[in-house]
Every structure is written in structure tokens, then in C-alpha cells.
Amino acid sequence: MNVDSPKRDLAGPLLDRLTGFWRPLRNLGAARSRVNGSRSLLTAAEFQEELAVLGLSGRRFEPEHYSDALGEYLNISITVHVIPDSWYPELSRLLAISGRLGELRYSEQLNLAAILVPGSLPPLVLTLTILHELGHLAAGDLLIEPDEQFEEQDQHAEQTMFETLPLKKGKKLARGYPFAKESLREREANLRASYALFAGCLGDDSPYAHGMYDVL
Amino acid sequence: MSAAQHQALVLGSVSFVAFIFFLCFLLPSKRTKFSVFAACNLLFVTLMFGAVALVDLSGGRAEIMVAVMTELPVVLIVAWVCLALAGGLPAQLPAEPVARRPWLRAILGSAPLVLLLSVGLATVVGLVWPSPALRVYAPAPPQFFVLKGLIMTPEVIYSGFAAMVFVMAGRATGLKRRFYFKNLAFSVGMVCIALIALESTVFAGLRVWPSREARRAILETLNTLEACLAICCILAFIAGLSLRYTPAVATTLLHRLQTGWLRTQEQFESLEWQAVSSGAAGRLTHASDAVVEACRIEGLSESDTQRALATIRLVAVMRDPSSETQQITPDAARKLYELQEEILYDDVLASKISWAAGWRSRALEPQTVKSAPLHDALKAALELVDNHGESEDVRTPPLWYYIVAVSATDAKMIDSTHLSMQLRDGTERRAAVEAYDAAKRVLRMLEDHD
């Protein structure tokens, strides 16, 4: 996923110097938020709450409906481009070599998100790849400033608490803040994709959806 | 026995019957957090009213304390219901209409704090200015109305909000009938509580203002109304709790599918796609082109062609593993096939799990575990690569399988002697060989032409 941040006009040595002063202060604030901000990975029940916010809980839906509802909620335009191999044969090869299945581009300035996926992907992988990228948008992963110190890989149990980062600005669907570690953000996007696929297939047969109508 | 004792006896008896019903019928069959809480609350109410009926606690601050204590069970019920609707209990989802409205969630979530604070404040008012709270028909000072109002006003508001949420939840489109009636029953119960609280406030007002002659008859009517509402409320809650629904798919099974089957299949298919797209499976390109052409020559359906293509890809990846596809082994393929079979064993689940065959495309039928080419391809590829002639399946393989077998042998992905052991030399095999040879000629001509 790539983010196009708005470019600042006031570039120059003075700004660079001010940025130099500002960075330690900002990191101090971020460190404090990391001390307080932690949460576990998203559960299927928590995802059902997100679906309720989008008006999709208890309904059967396709990834298109999820994308439309998410775009409307976040007030951004989300477009999915499934690119046939005949149009751009190199895309599949380049993505496959890089070990990726799709690409998410986001522009804060234009309020626009574009998901690019090769048309040659098997249907289930195509669906899950699109849902995975939509999961990044729902989590607000594109609205944080990535911090390299958190980039090491890890595999923990679902209940473990992980550190989060605050948003720069913008709106997200998730209740919690995005994880500081990229590997965790990817893992959670995978979880969102699988939850979305099953919730869309099962509709009101989902035990989590039924829990929202059977509170007592 | 005073009127207050008489009223307490009636309410205590009703509560006791409800408690026994809970204990004997509801708790053993469905033990939810609310049913346990309601049972404890009913026992508390029974003991409370029983004590008031047996001991004449008229006069002074003792009356105030008993009056506040008798209000407490209902206040706790309202607080619990509001908290449950707001998703504030551990491992509890909010009601669907609440999840969509943060303001409603905030209001309902504040119920325990506001209600208990108001009870506390009312207790202070009552203790500072004592009033005959338990003497039902006696005239009371204005402070008594303040005391009642402090407890009842938030109770009316929160019960009203809870009733509204239950109605909204019950009216959701496409909802199962059982949920509709369940939420309706709880809504009726909460409306009854709101009406009792409202009636109680009016009752307190009547004790403060009207003359002695008019008061008695009206208060007796209100007392009867309150008893009726209380019975309605308990019956409505019992009806709501009795309506049970078991989801078609259990949470544990769903979790297993999400972390087991889906993860495995996605990993399997994506690794295979990466191997094919990056050209890692070198021998594949020619073999797959020939297989598709041979299927076309034989006039096979699109689904059979896709099965054949998926099978030759699998065989190629399993026989020619690269660093990316080293996880696609016969063992991994067998594990995935078994997981798929597990889903297919459950007809309800298998019919529900599907995914679109294309983005925003209604022209193509959605794929299911059964209809997706990978399911048959896994079985076919395992037979070709890993079976060594031990197949227990005596049925004649379909033509697409023969085409894949011939192609895989020609591309040296599998051993020709192994193939001879597996496939009888019949009409299907001869047709497959002829179609494959013809396909190769066509492809060669096309290459020469380019």
C-alpha cells in the first residue's frame, strides 16, 4: 500500500531546522501514546460491530457492497481496478516476483483510494486480496506515520496486546488505533478479509450477527 | 396487615413464583448472564418484599431505607439491560441499532452510573427529610415526591430508550421470526417498567396534593394497575428468555474454518499463482496451453477446462517446486482436500460459503468449495503425482483428467509407466491422446505463424 501525502509548499532550510526540533517532541508524544495505546488483534465479534456501523450486519453482501459502504462511511472514493493480463501483462509478473497480490494507493488530498489487482488471480484470492486492502482502509493503517523501530516480525496469540499508533488525521472504521508493527497491520487486514468473506456469505446465519439481536 | 404489607406480600409472591420458574425451567436449559442475574434479582426481591410483609417497618428513616431498597432490584435490572444493549458487559456485543449510533451507545452506557447516583441522591433526600414512604395511602410531604421523582425519572428515560432499542432490533429487515418476537417481548417488558415508574411518580404526586376523599379511590386503582403491569413485565421477560435460537453455524466451527480452511486455501492458491505468474514453474506454460487447446478440440465445458488447467498447474508446481512454492507439497494438498471435504460434509455450510468469480460481474456464477476447480484439481493432481496406483476409486475418470495425464506425461512431470498403471487403455484415453496431439500441432502452427 502507498500513501500520497499532501506536499508542503514551505520547503527550505528553515523548515528543515524546525522539523528537526519538532521530531523529538513528536516522538516523545508518540512514545507516550504507545505506552497507553495497546490492544489485541481484531476478533470476529468486533468485526461484526464494524459491519453494524456500515449497516451490513446480518445481511449477505459481496465485497462490492462492503467497499461501497466503507467508502461512504469514510467519505472517500474507493475504486477497485481488476486489470486483465492482456492489458498489462507485466503487472502479474511484477507483483508475483515481489510476493504481493495487489496494490493499494491512497491520496489524502483527493480523498481517493484505488486498489489494483491482476485479473489472473484465482477468484477466491482475488476476493480476499480486495477485502485485505479494504481492511487496511477500515483500520486506518494509511493514516499513521509508520515507525521503522517496529518493523520486526512476530507471531503471537490472538489475545496478546500490541502497541498502536495514533492517527495523523482522518477517519477510520475500527474502534482501536492501527498497530505500530507493519506485520501486525498485515495480519489484521488478513483477519478482516476472512471475517468479511464469511460474514457476507452467512448473513443472519452468522453466530456473531445473531448475537447482536439476542442481547439478553 | 397494613396496605403496604399487603402490597409487599402480593409482589413478593409473584417474585417468588417467577424465581421458582427461572430456577426450574430457564436456568438449566439456557444459562445466560442475564438469566443468572435475573434469578438473583428475583430472589432478592422476594426476600425484600417478604421482610416488608412480615415486619411492620412504618415510621422514620427505616421506611425510607426499605422503600429505596425495594426500588433497587428494578433499578439494577434497567441498568443491566441498558449496559447489555450498549455492549458494556464482558464479551458482549452491543445491540445492532446501538452499534450504528454512538450517541445511543453513550446514553445507554451511562445508565448504571446515572441510575445508581439518582438512587443515592434520593436516599440522601429521604434521610434528611423523612416521609411515610411505606404507608401507601397516607398523605406525604412534597419531599416524598422529590424522592420518588429522583429515582423514577431516569428509570422512565432509560427503560424507554431500552424499549425503543428492542423495537428497532426486532424490526430489522430479513430478521428471523424468533428474534422479532424475542425483541418484542423484551420491549414490552421494558415499556411495562417505564409505565410502572411513571405510575409510581404519579402515585407520589397524588399522595402530596389531592384531598383525602379523592385520593384513596385513585390510589387503589393505580395500585391495581401497578400490580398488573408488574405481572405483564415478568411474563414478557419470561417469554423473551424462553424464545431460544441456535445459529446454523457454530462459532467454534466458523473459527476453525477461518483459521484452517480459508487460510490454507488462500495460501495454496496464491503461492500457486505466484509460481505460475513469475514463471517459476518452467515446464508449465506449454503444457497448460496444450491442455486448454485439447479441451477445446474435444468440446469440453468451460468448468471442465478450468479443472484441467488447475490440475496441470498443481502437478507442475508439485513436481517443480521453487523457493516460493516449496510449501505446495502433496501433503499440504491432501490436508487442504480433507478440509474441503469437511465443509462439503455439512450441506448447509457448503451451500452458503461462496465467493464471486469476478469483480462486479453478475455474468459468472459464484464459486463454492464444490464448484471451484481447485477441489477436483486437488484430487486429480494427488492421484497423478502421489497415488502410485493405489486408488480405491473404481469410477472411470472424466476426459479432462485423461488430457491432463497425457499432457503431464508428455511434459515429463509424471512417469509414463506410472500413468500406464493408473489409466486403462480405453476409448477415453485414445481420445485424449489424439486431442492432445492435435492441440500440439495447432500450437506449433500458431508459433510458426508468429
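1. Contact between chains A and B. In this predicted model, chain B brings 49 residues to the contact and chain A brings 46. On the chain B side, the elements that each supply at least two residues are α3 (60–85), α4 (96–99), α8 (177–208), α9 (212–242), α10 (251–277) and β1 (354–355). The top contributor is α10(B), with 11 residues. By class, the side of chain B that touches chain A holds 28 nonpolar residues, 13 polar and 8 charged.

2. A helix pair in chain B. Helix α12 (residues 302–319) packs against helix α16 (residues 399–410), both of chain B. The angle is about 30°, and the axes lie 9 Å apart. Angles under 35 degrees count as roughly parallel, so α12(B) and α16(B) are roughly parallel to each other. Their crossing is right-handed.

3. Residues in that packing. From α12(B) come D304(B), R307(B), A308(B), T311(B), I312(B) and V315(B). They meet W400(B), I403(B), V404(B), S407(B) and A408(B) of α16(B). The contact of α12(B) with α16(B) has 7 nonpolar, 2 polar and 2 charged residues.

4. Confidence in chain A. The mean pLDDT of chain A is 78. Of its residues, 77% reach 70 or more. Residues 5–36 of chain A have pLDDT below 50. Beyond near neighbours in sequence, that stretch has 8 contacts in the model.

Terms used:
Residues numbered from 1 in each chain as written. Chains lettered and ligands numbered in written order. Predicted model: local features only at pLDDT ≥ 70, side-chain atom pairs only at ≥ 80, totals over all residues. pLDDT = per-residue confidence, 0-100. Contact = placed C-beta atoms within 7 Å. Helix = DSSP H or I, 4+ residues; strand = E, 2+ residues; numbered from the N terminus. Nonpolar A, V, L, I, M, F, W, Y, C, P; charged D, E, K, R; others polar. Axes fitted to C-alpha atoms, helices over the stretch in contact; angles between N-to-C directions. Parallel < 35°, antiparallel > 145°, perpendicular 65-115°, else oblique. Left-handed = near helix turned anticlockwise from the far one by under 90°.
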